2 protein chains.
Amino acid sequence: MSVGSDPGLRAVRVAVDAMGGDYAPEEIVAGAVQARHDATLLLVGDRARIEPLLARYGAAGEIEIIHALEDIAMDAHPAQVLRGCERTSLGGAIELVRNGGADAVVSAGNSGAFLAIALVRLRTIAGIARPAIAAVLPGKHGPFVLLDAGANVDCKPEWIAQFGLMGSAYARAVLGIAEPKVGIVSVGEERAKGNAQVIEAARCLDAAPIRFIGNIEGDEIFANAADVVVADGFVGNVILKLSEGLAQTIVGLMRAEVSSAGPIVKLGACLMLPAMRRMKQKIAYETYGGAQLLGLRGTCIVAHGRANRDAVYSAVRAAVTAHREGVVERIASLLDVGT
Amino acid sequence: MSVGSDPGLRAVRVAVDAMGGDYAPEEIVAGAVQARHDATLLLVGDRARIEPLLARYGAAGEIEIIHALEDIAMDAHPAQVLRGCERTSLGGAIELVRNGGADAVVSAGNSGAFLAIALVRLRTIAGIARPAIAAVLPGKHGPFVLLDAGANVDCKPEWIAQFGLMGSAYARAVLGIAEPKVGIVSVGEERAKGNAQVIEAARCLDAAPIRFIGNIEGDEIFANAADVVVADGFVGNVILKLSEGLAQTIVGLMRAEVSSAGPIVKLGACLMLPAMRRMKQKIAYETYGGAQLLGLRGTCIVAHGRANRDAVYSAVRAAVTAHREGVVERIASLLDVGT
């Protein structure tokens, strides 16, 4: 391992669950190979399957393998994954963070299982009731953070307020925004607008040591009305998936229009391709990497279940940034200020 | 009034709140003038302001005016609008439906006030606890219905199940779908995924005399996974506004890419304009008209607060269709079957 003398320059050690995700282990290993100069990687999973892949991608012997024979099914129920989880690739990768063998963990596997195991093995930061999934999304004027993107579907108002705190620390650390604007998703701008849960959560957020700007409506989210968009995990997940789906629908409608149009429109579309590609790059999920599970005592990055090698590469880079910028420590210190 | 002998051919009488909306009364009156051959219109509002507008748009004396001096502020609280509401343009328009003077009412004014007054003056259909806002949205393969789009932010599960029933009757009547697929918005396909409210509402929907297909996720909504998308009014409103905002953001990003690109891309964009216009037409809010308040004993159409004349025109046409197709009666008869 390339451990330098200066801890600031020491390569971040990232444990990657090689067996989790729709395209595991092939795309996971390929993504790790791509990221091998950005971090010290530890591939956790079935050695017999990982070794040939490393050889195929021209990185035989370059990445350490931590053998784990079992893996967790994508549809396994979170409650059933805890028993014997240390023998699984996901459980083994999380264990490396717990015992100091790694600085961060990345998995594209079952996110419910990831959350459940991490919650029990790493536990939450003092003052945080529940971890939340923080997704970085591309807004009109730059990236913003959405949380909770799906960890907690039934929330207490004070948990939602804690999401605001965590999101603020995260945006400062990862997006480099000095005083992130934190907004809560609601159905109107006025403070009285919203359901009972949101109105109460907003009251809690008023008292938090962050820049809380109040309610933001659905149409303001992608216009960067806030740097941190707070919602319960149900609403947050609907927002995340709806925006993914809608972007695809619009692109699909555009394709259909072009393919049913005459040659002049088709020529126009060809000429526009470079601009389209740049835009696609801007809004591509892959470039925004994995989502961090905030609130845990350790850096945990959830990659998309359908993650390809580029998404895995981005997730590893997200893990490196989160560890380097001390997201976990910043959340802890913000909670100290708040209490 | 053009009242024929055959009630099926008799013009539908639509009361329009001339004073409600950001661009009232100018755009409302202009929209009514545009729609005057599609329905028998009754413009409710300040005669002194409406008459000159009718003259300006070349329709002096062609549309009946029902004088109402007061109007309701866009930001008035629903609880405060009931007292003396019969003197307002919105209250007067609703009153016309109650006393049989009109078949339907259209307003682009304060939607909370619309709902509150209609609830008290018209009341709900037997078996319906709360009215819901049904919005017709453009999916990838055609229109679908979303409800509740914002009337009830705190819902009981059985209300949400009633929304499914109402939406099914509406989709059959207005979209002409024989057996509309009804789905509930959730965070996963499996029945066990969702928050407590959604899981319980899905259980109620299973027992309803409709084609309930279970959970649909955010990314499936605009892919027409369901003809009727059911959610509580908080989630529904976020979906409605987010999709509006995101479509605008994507178009804006595209414009920015083109304007910062070289001459070839710019030429391409020019050549593509016709296809772009057709797509814009497909997804334009205006072409889909107003949203119906379902569950009331009367046809009530909410137009967008920012409605221009085209949107008002579409809302009047939506009112005519809803009345002609007997949406209110169909909901009532579906409830008879269900009990």
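Chain A has 339 residues, for which a compact globule would have a radius of gyration near 20 Å, and the value of 21 Å for chain A agrees with that; the radius is taken over C-alpha atoms, and the globule rule is 2.2 Å times the number of residues to the power 0.38. What you see is a predicted model, in which local features need pLDDT of at least 70 and side-chain atom pairs count only at pLDDT 80 or more, while totals for chains, interfaces and linings use all residues. Residues are numbered from 1 along each chain as its sequence is written, chains are lettered from A and ligands numbered from 1 in the order in which they are written, and side-chain values use heavy atoms, with hydrogens and water left out.

Let me begin with confidence. The predictor gives the complex an ipTM of 0.88 and a pTM of 0.90. In chain A the pLDDT, which is the predictor's confidence in each residue from 0 to 100, averages 90, and 94% of the residues score at least 70. Over residues 1-7 of chain A, however, the pLDDT is below 50, and this stretch has 8 contacts in the model beyond near neighbours in sequence, where contact means heavy atoms within 4.5 Å. Where pLDDT is low, the predicted coordinates should not be read in detail.

Chain A has 10 helices and 11 strands, counted as DSSP runs (helices H or I, at least four residues; strands E, at least two) and numbered from the N terminus. Along the principal axes, the C-alpha atoms of chain A fill a box of roughly 65 × 55 × 40 Å. Of the 339 residues, 60% count as buried, with buried meaning under 20% relative accessible area, exposed over 50%, and partly exposed in between, for a 1.4 Å probe and protein chains only.

One residue of chain A to look at is Gly61(A), in the loop between α2 (47-56) and β3 (64-67), which counts as exposed because its relative accessibility is 77%.

Turning to chain B, a cis peptide bond with omega about -5° joins Ala24(B) and Pro25(B), and Pro25(B) is found in the loop between β1 (13-17) and α1 (26-34). The bond from Leu147(B) to Asp148(B) is also cis, with omega near 5°, and Asp148(B) lies in the loop between β6 (142-147) and α5 (157-175).

Finally, Asn224(B), a residue other than glycine, has a positive phi near 60°; Asn224(B) sits in the loop between β8 (211-216) and β9 (228-230), and at 14% relative accessibility Asn224(B) counts as buried.
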